[in-house]
Each structure stands twice: as structure tokens, then as C-alpha cells.
Number of protein chains: 2
Amino acid sequence: MRESGSIKGTVLTKLMEPVLPFGILQDAARDGGLTRTLHRQLRTAIIEGRLPPGYVLPSSRLLASQLQVGRNTVIAAYDQLVAAGFARSRPGARLTVCMPGAVELNAATPATGPARADDQRIAAQWRQPVQRLGCGVPFAARSFRTGVPEHALFEHEIWRRLTTRALRAAAQQPFHYGMAQGLPALREAIAGHVAAVRAVACGPDDLLITSGAQEGFDMLARLLVTPGVTRVAVEDPGYPPLHAALIAAGAILVPLAVDDEGLRADLLPDGVKIICVTPSHQSPTGAVMSPARRAALLARARSLDAVIIEDDYDGEFLYDQHPPDALQTLDRDERVFYVGTFSKSMFPALRKGFVVAPRWARDALVDIKRTAGTNLDLVPQATLAAFITDGHLARHIRRMRPVYAQRRRAFEQAAQRHWDGWMQIQPGNAGLHLSTRILDPALEDLITGHARQQLPGAQPLSVYSIGSNRLPGLCIGYGSAEVDQIAQAVRALAAALRLS
Amino acid sequence: MRESGSIKGTVLTKLMEPVLPFGILQDAARDGGLTRTLHRQLRTAIIEGRLPPGYVLPSSRLLASQLQVGRNTVIAAYDQLVAAGFARSRPGARLTVCMPGAVELNAATPATGPARADDQRIAAQWRQPVQRLGCGVPFAARSFRTGVPEHALFEHEIWRRLTTRALRAAAQQPFHYGMAQGLPALREAIAGHVAAVRAVACGPDDLLITSGAQEGFDMLARLLVTPGVTRVAVEDPGYPPLHAALIAAGAILVPLAVDDEGLRADLLPDGVKIICVTPSHQSPTGAVMSPARRAALLARARSLDAVIIEDDYDGEFLYDQHPPDALQTLDRDERVFYVGTFSKSMFPALRKGFVVAPRWARDALVDIKRTAGTNLDLVPQATLAAFITDGHLARHIRRMRPVYAQRRRAFEQAAQRHWDGWMQIQPGNAGLHLSTRILDPALEDLITGHARQQLPGAQPLSVYSIGSNRLPGLCIGYGSAEVDQIAQAVRALAAALRLS
């Protein structure tokens with residue numbers, strides 16, 4: 001965890017015109033040397049988005065003179081940035097900021113003109129590739145990727161029948177452009193669904209249909225973030241595509257640690273205006289936020305006058321007898337945006353999700369949706385509305401809950417037998433994925449290397465880390481992996497490592 | 001038309017932190033008075049987005065002291081702004097900037113907390129409603145709304161059959177998240193389609209699938225606009241939802257007049273970096289850009305080193321024997337983004353469009369799409385791919401061209417008989433709509449008033465104007481209006497006005 005205190009010493013600047021922090025010298029003596037302090041502050045500025053990907057750093061000579069330090073100090077700090085993947089050097093050119101992970105994905109696509117990083121026609125925040133989850137992992141019918149539900153148990157026949165019905169109804173209607181907010185019948189159906197499943201009380205007017213949860217994040221970032229000004233607390237480790245949407249909107253990210261009860265609400269520093277959180281099932285660690293932590297988080301949000309973005313991406317799959325209430329349910333002062341998706345309860349390629357928004361934000365959110373032009377295709381919306389209203393979704397979820405819970409148990413049992421002593425499954429009884437902790441950090445590379453073979457689609461936890469809170473471990477999906485496959489893979493990983 | 005020269009006298013400032021122009025006094029003597037000059041400069045700043053909707057203007061006392069003019073001068077200029085709809089006053093509060101048109105749509109939705117315009121939690125650019133086209137017009141099965149194609153002649157049965165086929169194929173596949181760029185089979189099909197219809201040469205990798213043309217505009221604005229810096233030439237009159245996307249991205253709009261040959265390329269001022277244009281069929285006037293004007297526009301874009309956004313929203317429906325080439329086809333130096341849509345050639349609620357992007361911008365554009373999370377539903381993409389590949393789209397377009405051309409001729413013939421002497425249809429032989437010019441501007445209110453009854457869905461041209469280039473006239477869609485209905489409506493309007 002980076003200490004939130006270090007932000008205060010620096011000059012917070014705009015994303016659009018980033019300048020370097022100037023509070024360096026004051027901290028230097030305390031923190032062990034100028035080079036280390038400068039490197040840490042630059043790195044913090046990059047992580048928080050104040051120095052966005054694509055930003056060209058000043059020459060070492062210029063910065064040294066501005067900071068009144070030796071040029072070698074700056075060169076050494078720059079070298080460390082490059083080594084850690086936070087900056088990119090090219091012969092004859094100045095250093096360019098990038099995010100680690102992004103660099104590895106920089107595809108060698110032929111393009112005319114300047115390289116993307118230097119192309120002034122492209123807005124600065126898009127000059128470096130955006131980090132992708134699971135990129136490069138070969139596609140497997142059944143894999144350990146997170147977020148992929150079971151395909152064989154979905155009632156494709158019913159879906160097909162309802163689609164045909166929706167098409168016939170649409171063919172009777174004159175052509176028209178749909179409502180930006182989403183088909184009223186679908187909003188009505190979803191309002192009933194989230195009330196039943198998560199006790200989220202809302203009407204069809206409080207909802208906006210999105211293309212999955214990610215469009216919800218992007219729209220909320222556009223709605224709530226003033227570039228270079230708004231400080232947004234995010235979970236660390238957390239969900240990189242959410243971070244990408246926030247950074248694109250110009251947010252200053254404030255990464256906060258998570259523990260077995262979820263986000264460390266006690267660490268929330270002053271000045272934070274948005275808190276992004278996955279209380280039902282922390283992404284990626286899998287922790288379920290305790291009721292006490294939920295109350296503390298809401299109280300702290302109130303004292304900060306901050307809004308909360310509650311990402312309930314697999315909230316239909318809580319296996320405890322009495323899962324805690326959603327933050328939206330507990331909210332008493334219109335503070336919580338509840339983001340849901342049908343990617344897990346239905347299927348990802350449906351691309352349907354929704355945002356339940358407080359009333360004060362609703363009209364502006366619809367305007368963003370209209371401006372973004374991402375009104376959704378009428379027929380899939382009508383089909384989903386019928387699927388929910390006719391009771392098929394509730395039945396499907398009831399059928400899938402024990403299936404996924406059983407797969408989770410299969411992982412736990414096999415891990416206890418084969419991984420004991422070197423890797424543990426983290427607590428959490430929900431969703432379609434789990435995370436592990438590697439007990440001896442020295443084994444991390446070895447284990448993640450073998451996991452690539454034996455648990456295809458599983459990710460090192462480090463890809464979810466944005467600050468220095470890098471937990472050694474794996475993030476493993478079991479939504480599309482069968483019980484036998486799970487037992488075999490757990491055994492095979494142990495065998496490959498010769499540790500069991 | 002506002003003169004581009006007046007920009008130079010003002011301080012161009014950031015969208016995020018707008019300040020008022022300070023070059024006022026220099027121009028005052030020349031332009032006839034301080035009040036008029038101040039009003040004009042404020043209005044220009046609002047139109048160009050330098051003073052965004054929601055911005056709270058300084059008190060008259062403060063501004064008067066800053067500018068060293070009398071307070072009455074400022075109060076008079078502010079009063080004119082309010083009268084013209086560029087600012088909103090409320091008792092006890094300072095004036096708030098808004099865009100005309102937007103104000104009228106300010107729905108009286110109950111909301112807790114502060115009014116939207118004052119809510120600091122909402123990013124400044126979304127605190128005022130976004131202008132909507134056709135808002136408030138009651139929905140009619142067959143109307144004169146623009147952009148609505150004929151519903152009765154679409155082959156719904158084939159579409160249903162292909163959807164079922166796509167659903168069956170999808171049910172055989174494991175679940176997965178689609179590609180942000182769009183389904184490869186659909187990109188392949190569209191590449192073939194635009195090559196055949198518009199001689200736009202591209203491969204599937206040059207294309208990105210969008211949710212209609214509007215998502216293309218929004219993505220390109222995010223890609224290319226640096227807030228408060230990038231100057232974007234737009235047609236005036238032009239398409240308001242495009243302007244909304246540009247303003248949301250922080251663009252400085254530079255409205256340029258159009259004539260019978262389309263955008264006045266000769267008026268393009270220095271410093272413009274993006275040129276937005278509808279050469280196939282100017283939106284809303286209907287003018288088809290001449291080959292000479294196309295060449296001049298490309299040459300001017302080259303000298304400005306600007307990119308062009310070519311909105312070819314109904315380019316499948318050009319009724320001249322030899323319609324001019326698309327700008328994308330004529331482009332020799334990767335300058336043109338070609339935006340297409342299936343809203344007219346198929347149907348609007350399909351929400352499918354595409355952007356053909358130069359290679360240098362492709363990867364960044366896909367990153368924006370991935371970050372925005374608006375990957376599209378797999379099945380409608382697969383269905384559309386099959387519809388195109390199997391030849392149904394080409395056949396449908398061939399069948400619809402004479403239908404729409406005939407409706408256009410029906411309008412022209414009836415107008416010649418009934419509107420002669422007071423309203424003319426503007427030249428242009430393409431698309432699903434036309435525009436008219438009211439010959440005596442004094443009759444504008446009377447005519448648009450009666451048109452609301454007799455041509456439901458038609459819009460006054462003034463809703464498309466952003467600068468002072470307000471043409472008296474109407475914009476009338478004939479995509480969903482039958483020949484008999486057209487003749488009758490034209491006659492009825494004349495009868496209502498007792499002018500024929």
C-alpha cells in the first residue's frame with residue numbers, strides 16, 4: 001500500500017497539462033535519498049493518472065535544474081521507471097510515460113506516420129495501449145478464465161423462442177429509434193429482478209440499460225469525474241478495465257488495500273469524492289465485505305460527501321445462507337450507484353447490464369448515454385425483458401447457484417489436499433471465481449509459470465495490482481470448469497511443481 | 001455566419017476552467033458599442049464551447065470591474081444572453097450558461113438535493129440537458145421525421161430466419177466476450193459492402209463496428225479532441241447530436257456556412273484540426289457536395305494538416321446517375337474517417353454502424369471502444385453479417401432506391417404546385433429527407449407552426465443552426481411517408497396557410 005500522505009506533499013495537477021510534482025526535496029531525507037524519492041513520486045503520479053500514458057517526460061537536464069538536484073539523480077530515477085515498466089525510452093527521443101502491462105501488449109502493427117505514442121493527432125490519454133485482462137491467453141472451450149459462466153446449462157431453446165417472438169412483435173411496429181435509457185419493458189423487468197435477488201429497491205425510471213458493466217463504469221466516470229481534480233478510491237488489487245475508464249476520464253486514482261472483509265474503508269483519505277467497490281465478491285480476491293465494513297464504508301462516504309460505485313458483477317451468486325445487503329439497499333442518502341450485469345447470470349456476448357442511479361444523477365446519465373449514441377438493439381432488449389418477466393432468469397439462477405457453489409467446493413477440497421503448505425484459497429463464498437495466496441513469495445514466478453499450463457485462463461493476481469500492494473497469488477475462474485476438470489487441474493499443478 | 005476573425009482577439013481557454021474573453025474593448029468602437037460587442041463575444045464563447053453549459057457567469061459587478069466598463073453595460077449584455085436562451089437566470093443565483101434549445105427541454109423532473117445545473121457532483125459539461133432532435137413530437141406510424149426508413153418493405157421474414165440461424169450457431173459455441181472491434185465476419189461483410197456501394201476501399205481490420213453513427217462520432221471526439229484546445233469545423237446548419245459529442249469532449253466548435261455545394265471549404269480558418277462534413281447529403285439542407293468542392297476540401301485539409309470526419313449516414317441512397325466519390329475514396333494521405341450506419345439501409349433500432357479509420361488511429365480507437373465497454377451483442381452482429389454476405393442488403397437497397405427517389409419527386413412536384421412563391425425545396429437528389437427554404441423570413445413562424453400539424457415530425461431548420469446562420473425553412477423526412485400522404489400533406493399545409 002502506498003501511503004496516502006505522500007499525495008499531500010505534491011502539487012496536484014491537471015491531467016490535460018500534467019507537470020511534475022515539486023514536493024520532492026522535503027521528503028527526501030526522511031525517505032532515504034533523492035533518487036528513491038523522485039522515483040517513488042513519479043511512479044505515484046503515473047499510477048494516479050496525473051502523468052497519463054503518452055506524456056513525454058522533461059529531459060533529465062531540465063528536470064534536474066527545476067528541482068535543483070544533480071542530473072545523475074534524475075537519470076537514475078528515470079532508469080528505475082523504465083526498468084519497472086512505467087516509462088518507455090526510444091533512441092533519440094525523450095521518455096514517454098506508460099502503465100506496466102500496457103507495454104507488453106504494445107502490438108507491432110504496421111502504421112504509417114509517427115508511432116502511436118508520438119502521434120499528436122491522438123488525444124494524450126489514448127497514445128498508449130490500454131491494459132487488457134486475459135490478453136494472449138489462447139481461447140479454450142472450458143478454461144479457468146474469470147467471468148465466463150457455464151454454457152451447457154443455459155436454456156438456449158427458450159432464448160431462441162423468445163427472440164423469435166420479439167422479432168415478430170418488432171416486425172409489426174413501425175421503425176423507430178429506441179430510448180437512450182433503454183426499453184421500458186426491460187427496465188421494468190430488471191427493477192423487479194434486482195428487488196427480488198438483491199433487495200435493491202428501484203423503479204424502471206431509476207435504471208439505465210448499458211452494454212455490460214463496463215459501459216456503466218465509463219458513463220459514471222464521464223458523469224462524475226472532473227479531469228485532473230476528482231480523486232477516486234479504487235480497490236488494490238482491483239479490476240483494471242474500471243481503472244482504464246476512470247483514467248480515460250481524467251480521474252486521480254487513490255488505490256486502497258483490501259483484506260478478508262473487502263476494501264479497507266478506514267484507509268479512505270480526505271478529498272476522495274468517488275469510491276469504487278465490489279462488496280458482494282471482491283474483484284479479484286473474492287472477499288465478501290462484512291456487514292460491519294459496509295456500515296463503516298457508508299459512514300465514511302457520508303463524512304467525505306463521496307458517492308459510491310457498487311459493482312455487483314456476480315451478485316446473483318452468493319452462496320452463504322444470509323448474504324449481506326447491497327450497499328444500495330443500505331444507502332439512506334442517494335449516495336450509491338449500483339452497477340449490474342447479465343454477463344454472468346445470462347451470458348457475456350449478450351452485452352447487457354444496467355446502472356441504478358440516484359435521482360439527482362439520472363437525467364444527466366441519460367444525456368451521456370444519448371450523446372455516446374450507444375442505445376441498444378431493440379430485439380435483444382425485448383427478449384431479455386421476456387426472459388426475466390416469464391421467470392426464466394430466476395429459475396436459471398436457482399439452477400446455477402449449487403452448480404457454481406459445488407465447483408468452488410471442489411477447488412477448496414482439492415487445494416487442501418494438493419496445495420497445502422504453499423498455496424491457499426482465500427476466504428469468500430460467492431461468484432464464479434476465487435483467488436489464492438502463494439505462501440512463499442519466492443515461489444511466485446514458478447507457480448504462475450506452471451499455472452499457465454495447468455490452469456489455462458487463470459491470471460496472476462499481480463495483473464490486478466496498481467499500487468505497490470502486489471499480492472502473490474492467482475485469480476481462477478470456475479464458471480466454465482467442471483468438477484472433474486477442477487480436481488485434475490489442481491492435482492496437475494501440484495505434480496508439475498513437485499511440491500505436493 | 002460568425003467571422004472566424006473574432007476568435008483571434010479573445011483568449012482561448014480551457015473547457016475545464018473557462019474564463020471570459022478579454023479582447024472586448026479593442027473591437028468595441030468598430031462594432032458599434034460595448035454592450036453589443038460583449039454580448040457577441042459571450043455568445044461566441046458559448047457556441048464554441050469555451051463557456052460550457054452549466055458554467056456560472058461572474059457577477060455583473062465583478063465582470064464590469066475586470067473589463068473596466070460600466071455595470072449597466074454588462075447587465076444589458078447579460079439580459080440579451082438570457083433573452084436569446086444562452087443563459088439562464090434564477091432568483092438569488094448567478095447566471096448559468098446554457099445552449100438554446102436545451103433550455104426548452106429542461107424537464108421538470110423531481111430530484112432531491114440541488115438542481116442539476118448547480119450540482120457540483122455532476123461534471124460541468126453534463127449539468128445542462130443535451131439538445132434532442134424531434135423531442136416532444138408525438139410518435140406517428142408514418143410521419144415526416146428525418147432518418148426513419150420504410151418499414152413495410154423490409155424483409156422481416158428473412159431477418160428472422162437469419163437470426164434463428166445465428167442463435168443456433170451461437171448455442172454451439174462456448175460463452176465468450178466478443179472482440180471490442182466487432183465480429184470479424186461482420187467487419188469482413190461491411191468491407192465488401194462499402195467497397196461495392198461507395199467505392200470505399202478497406203479491409204476488415206480497418207473497420208470498427210459501432211452502435212450507429214452517433215457512437216462513431218463520440219469515439220472520434222474522444223480520440224481526436226484535446227479539451228479546450230482542438231478546434232473542430234462543423235457545418236452550420238448541422239447535426240446537433242454530433243455537436244453534443246464534440247462539446248462533451250471539450251472541442252472548440254467552429255461553425256461554417258453551407259451552400260448548394262455543401263460545406264464552404266473556402267471559409268475554413270487556420271488552426272482547425274478536425275473537419276466534420278456530410279458530403280453525400282448535407283444534414284440537414286440535403287445539398288450534395290460537388291466534385292470540385294470535394295477536391296477543394298481535401299486540399300484545404302492537407303494545408304491545415306486536419307483530419308476529416310465524413311458522415312455518410314445515407315450514402316446508399318444517391319439517386320444521380322454518377323454520384324461523386326466519397327471523400328474517403330479520394331483521400332490519398334490517411335486523413336479521412338468514414339462513418340457509416342445501417343439505420344437507414346436496414347432499420348434504426350438495429351443500432352449498428354461502423355467507422356473506417358486510417359491505420360494510424362485504429363489501435364487507439366479499439367482501445368476507446370474497449371474502455372467504453374460497448375462491445376456489441378454477438379447474435380445481431382452475426383445476423384447482419386449473414387444478411388449482407390447472402391446479398392439481402394444489396395437487394396434491399398436496390399429495391400428501396402426508386403421508392404425513396406419517387407417520394408422525393410412527389411414532394412418536388414407537389415411543392416411546385418402548392419408552395420410556389422413562398423417556399424422552395426432545396427436542390428439535392430439523395431437520401432431520405434429534404435429541406436425547404438421559406439422565401440419570406442417574416443412567414444417563418446406561421447409556416448413552421450402549421451407544419452407541426454400538417455407535416456408531423458418535420459423540424460424547423462433553425463434547430464440545426466448553431467451560429468447566426470439561421471436559415472428559415474423546414475427539414476422534412478420522406479423515408480416513411482407514402483406518395484399519396486406526401487401530396488396530401490403538401491396541399492394541406494398550403495391550404496392551412498391560405499397562401500396557394
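I began with salt bridges across the interface of chain A and chain B, where the rule finds six. One of the residue pairs I looked up is Arg116(A) with Asp367(B), whose side chains meet in a salt bridge at 2.6 Å, N to O. I keep in mind throughout that this is a predicted model. For polar contacts, I noted a count of 28 residue pairs between chain A and chain B, both residues being at pLDDT 80 or more. I then asked which elements give two or more residues to the side of chain A that touches chain B. In chain A these are helix H6 (156-172), helix H8 (212-224), helix H9 (240-248), helix H12 (359-372) and helix H13 (378-389).

**Interface, extent.** I looked up the contact totals next and found 82 residues of chain A in contact with 82 residues of chain B. The two chains bury about 7400 Å² between them, and 59% of that area lies on carbon and sulfur atoms. On the side of chain A, the residues that lose the most area to chain B are Phe175(A), Tyr177(A) and Trp360(A), which together make up 12% of what that side buries.

**Symmetry.** How are the two chains related? I found that chain A can be laid on chain B with an RMSD of 0.1 Å by a turn of 180° and a shift of 0.0 Å along the axis. That is the relation of a two-fold axis. I also noted that 100% of the interface residues of chain A are interface residues in chain B as well, so the copies meet through the same surface.

Cys202(B) is in no disulfide, and the nearest cysteine sulfur, that of Cys276(B), is 20 Å away. I recorded Cys202(B) as buried, because its relative accessibility is 17% and the cut-off for buried is under 20%. For Cys276(B), the closest cysteine sulfur is in Cys475(B), at 18 Å, which is too far for a bond. Cys276(B) also counts as buried, at 2% relative accessibility.

**Arg198(B).** Is this arginine, Arg198(B), buried or exposed? I placed Arg198(B) in helix H7 (residues 184-198) of chain B, and found it buried, with a relative accessible area of 6%. Leaving aside residues up to four places away in sequence, Arg198(B) touches a set of residues that includes Asp312(B), Asp325(B), Arg294(B) and Tyr338(B).

Notes:
Residues are numbered from 1 along each chain as its sequence is written. Chains are lettered from A and ligands numbered from 1 in the order in which they are written. This is a predicted model: local features need pLDDT of at least 70, side-chain atom pairs count only at pLDDT 80 or more; totals for chains, interfaces and linings use all residues. Side-chain values use heavy atoms; hydrogens and water are left out. Helices (H or I, at least four residues) and strands (E, at least two) are DSSP runs, numbered from the N terminus. Buried means under 20% relative accessible area, exposed over 50%, partly exposed in between (1.4 Å probe, protein chains only). Contact means heavy atoms within 4.5 Å. Copies are superposed by least squares on the C-alpha atoms of residues with pLDDT of at least 70 in both. A disulfide is a pair of cysteine sulfur atoms within 2.5 Å. Buried area is the accessible area (1.4 Å probe) that two parts lose on being put together, summed over both. A salt bridge is a side-chain nitrogen of Lys or Arg within 4 Å of a carboxyl oxygen of Asp or Glu. A polar contact is a pair of N or O atoms within 3.5 Å; within protein, one must be able to donate a hydrogen and the other to accept it, and residues adjacent in sequence count only if both atoms are side-chain atoms.
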